[in-house]
Amino acid sequence: MESEDSNPAALGLYMAEALNKYRILYCHMVEPRMKTLGKKFECADTLLPMRKAFKGTFIVAGGYGREDGSEAVAKDNADLVAYGRLFLANPDLAKRFELNAPLNKYNRTTFYIPDPVVGYTDYPFLETIA
């Protein structure tokens, strides 16, 4: 299902400001940085106005990797970064980021399938020498 708004930036800003009235703890927004599968681009419709408007914890997602996710937090564009696909394929993602270790590639065809084993629990953990 696809949907769109005539002025998504204004709607997003209105919603971010409205959440403050209800003392919502966090706002999780997806930046539209991946219109084509696997191809990132810098989008002109930044979430920064919403980040500035929202008073709670601001979480972003949208195809971030280790470097650009760290940069988003360092520049104060977000408090936290969500890593959906990368985390699915790397159950030890935080450790891999810490060590700058290679990442498992995710297999999109196994997302959202009913098999309880394939795609969610079969990715290997990082092997480290103790």
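Guide: The dialogue below takes up these features in turn, using a predicted model.

Visitor: How is an aromatic pair described, and how many does the structure hold?

Guide: A pair of aromatic rings is described by the distance of the centres and the angle of the planes. The structure holds 3 aromatic pairs. One of them joins Y83 and F97, with 5.1 Å centre to centre and 80° between the planes, and is edge-to-face.

Visitor: Which parts does the pair of Y83 and F97 tie together?

Guide: Y83 lies in the loop between β3 (80-81) and α4 (84-89), whereas F97 belongs to helix α5 (residues 93-99), so the contact ties together parts that are 14 residues apart in sequence.

Visitor: Are Y83 and F97 buried or exposed?

Guide: Both Y83 and F97 are buried. Elsewhere, ring pairs link Y106, F111 and Y112 into a cluster.

Visitor: Which residues of strand β1 form its covered face, and which its uncovered face?

Guide: In strand β1 (residues 26-30), C27 and M29 make up the covered face, while Y26, H28 and V30 make up the uncovered one. Strand β1 runs parallel to strand β2 (residues 57-61), and 5 bridges join the two. In this pairing, V30 stands opposite A61 of β2.

Technical notes
Residues numbered from 1 in each chain as written. Predicted model: local features only at pLDDT ≥ 70, side-chain atom pairs only at ≥ 80, totals over all residues. Heavy atoms only, no water. Buried < 20%, exposed > 50% of the residue type's maximum accessible area, 1.4 Å probe, protein only. Helix = DSSP H or I, 4+ residues; strand = E, 2+ residues; numbered from the N terminus. Pairing = 2+ DSSP bridges. Phe/Tyr/Trp six-rings, centres within 6.5 Å; stacked < 30°, edge-to-face > 60°.
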